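Me: Could you go through this structure with me? I would like to take it a few residues at a time and then turn to the whole chain.

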Amino acid sequence: MDDCIFCRIAGGDIPSDIVLEDADFVAFRDINPKAAQHVLVIPREHIVSLNDLDGRAGDVGHRLLQFIVKVATAVGVVESGYRALTNVGPDGGQEVQHLHFHILGGEELEDF
Ligand code: AMP
Ligand code: ZN
């Protein structure tokens, strides 16, 4: 989708600070970090939100979770701990309409 900023990042049309990528997923640093480590994980495929994962071929949800752990390892937080969260819809505060998980860590995070 040409008008989706995360599709354009996945396609390399918009520069980003990529941490890890494979054929299906891309992890890049959030432009407005909320923690010492703040990385976004997206599927290359345009999926709007967690609500749209169900029924996708290839067990994409499970592989996405596995990729998140690889990202946590790559940025050095897998042992110290981290938070993986996805905002869904208006009340969830989802600003970009392309599924993404925030990986936050590198410091003790505040309760929420
Ligand atoms: P959300 O509110 O969950 O939709 O989060 C969207 C996130 O995308 C925010 O944390 C933004 O800082 C981040 N973001 C928006 N544009 C970019 C960009 N071009 N590169 C990296 N992160 C971005
Ligand atoms: Zn997209």
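Me: Is Asp59 buried, exposed or partly exposed?
Reply: Asp59 is partly exposed, at 47% relative accessibility. Buried means under 20% relative accessible area, exposed means over 50%, and partly exposed is in between, with a 1.4 Å probe and protein chains only.

Me: Where does Asp59 lie?
Reply: Asp59 lies in the loop between β3 and α2, and α2 covers residues 60-74. Helices (H or I, at least four residues) and strands (E, at least two) are DSSP runs, numbered from the N terminus.

Me: What is the phi of Asp59?
Reply: The phi is positive, about 55°, although Asp59 is not a glycine.

Me: On what basis are these values given?
Reply: This is a predicted model, in which local features need pLDDT of at least 70 and side-chain atom pairs count only at pLDDT 80 or more, while totals for chains, interfaces and linings use all residues. Residues are numbered from 1 along each chain as its sequence is written, chains are lettered from A and ligands numbered from 1 in the order in which they are written, and side-chain values use heavy atoms, with hydrogens and water left out.

Me: And His62, where is its place?
Reply: His62 is in helix α2. His62 counts as partly exposed, with a relative accessibility of 43%.

Me: How many Å apart are His62 and His46 in space?
Reply: From C-alpha to C-alpha they are 17 Å apart, and in sequence they are 16 residues apart.

Me: Now Asn32: which loop is it in?
Reply: Asn32 is in the loop between β2 and β3, where β3 covers residues 37-43. Asn32 is partly exposed too, since its relative accessible area is 46%. Between Asn32 and Pro90 there are 20 Å in space, C-alpha to C-alpha, and the two are 58 residues apart in sequence.

Me: In which sense do β1 and β2 pair?
Reply: Strand β1 (residues 18-21) and strand β2 (residues 25-29) pair in the antiparallel sense, over three bridges. Two strands pair if DSSP finds at least two bridges between them. Leu20 has Ala27 in β2 as its bridge partner, and a hairpin of three residues joins β1 to β2.

Me: What joins β2 to β3?
Reply: Five bridges join β2 to β3, and these strands run antiparallel. One of the partners is Pro43 in β3, which stands across from Phe25.

Me: Why is β2 described as largely enclosed?
Reply: Four of the five residues of β2 are buried, so the rest of the structure largely encloses this strand.

Me: Which strands pair with β5?
Reply: β3 pairs with β5 in the antiparallel sense over five bridges, with Ile103 in β5 as the bridge partner of Val39. Strand β4 (residues 82-85) is joined to β5 by four bridges, also antiparallel. There, Tyr82 stands opposite Gly105 in β5.

Me: Which residues are on each side of β5?
Reply: Phe101, Ile103 and Gly105 are on one side, His102 and Leu104 are on the other, and all are buried. In a regular strand the side chains alternate between the two faces of the sheet. Because five of the five residues of β5 (residues 101-105) are buried, the strand is largely enclosed by the rest of the structure.

Me: Last topic, the whole chain. What part of its residues is buried?
Reply: Buried residues make up 36% of the 112 residues. The C-alpha atoms fill a box of roughly 35 × 30 × 25 Å along the principal axes.

Me: And what about the contacts between residues 24 or more positions apart?
Reply: Such pairs account for 55% of the contacts with a separation of 6 or more. Contact means heavy atoms within 4.5 Å.
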